[in-house]
Amino acid sequence: MPGPPSVPRSPAETAALVTQAVDELTRRLAHSSVHSPEDLPDAAGDARRGALVRLRILNDVKLAVRHLENQAAHTAAESGAGYPEIGQAMSISRQGARRRWPGLITNSTSHPSSHPNPRSS
């Protein structure tokens with residue numbers, strides 16, 4: 001039996017949830033990377049090393065998100081979305097989407113109009 005319908009979240013609520021999840025993930029990954037058995041106990045060194053490891057992990061997260069955005073944009077285009085819709089989903093202009101993914105929308109990914117053009121006699 002399906003659960004109750006989900007309540008749409010605002011962009012701010014979604015951003016807060018994602019920030020919290022990424023923060024927790026990066027702290028866990030950084031903690032496990034910094035506190036390996038070969039590390040010597042050094043409070044100042046641990047703080048610096050931990051911050052640098054976390055920064056590297058956040059950069060890796062950024063690259064992973066970019067990869068996932070590219071996959072979603074391609075899937076959207078293959079499903080018939082155009083640059084205006086993709087731009088709106090990314091909070092960028094149609095032109096921004098076209099610059100970000102040049103050649104994404106082609107004749108093979110766009111669907112014909114539901115209203116055929118009148119034929120010339």
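Which helix holds both Glu-24 and Arg-28, and how many residues apart are they? Select the two: they sit in helix α1, 4 residues apart, about one turn of the helix. (Helices are DSSP runs of H or I, at least four residues, numbered from the N terminus.)

Before moving on, note that this is a predicted model, where local features need pLDDT of at least 70, side-chain atom pairs count only at pLDDT 80 or more, and totals for chains, interfaces and linings use all residues. Residues are numbered from 1 along each chain as its sequence is written, and side-chain values use heavy atoms, leaving out hydrogens and water.

Now show the side chains of Glu-24 and Arg-28: they meet in a salt bridge, 2.6 Å from N to O. (A salt bridge puts a side-chain nitrogen of Lys or Arg within 4 Å of a carboxyl oxygen of Asp or Glu.) Arg-28 is exposed, at 57% relative accessible area, while Glu-24 is partly exposed at 39%. (Exposed is over 50%, buried under 20%, and partly exposed in between, using a 1.4 Å probe and protein chains only.)

Stay in α1 and pick Asp-23 and Arg-27, also 4 residues apart. Their closest N and O atoms are 3.0 Å apart, in another salt bridge.

Next, jump to Glu-69 and Arg-100, whose side chains form a salt bridge of 2.4 Å, N to O. Glu-69 lies in helix α2 and Arg-100 in helix α4 (residues 94–100), so this pair ties together parts 31 residues apart in sequence. Back at Asp-23, salt bridges with shared partners join Asp-23, Arg-27 and Arg-54 into one network. The structure holds 6 salt bridges.
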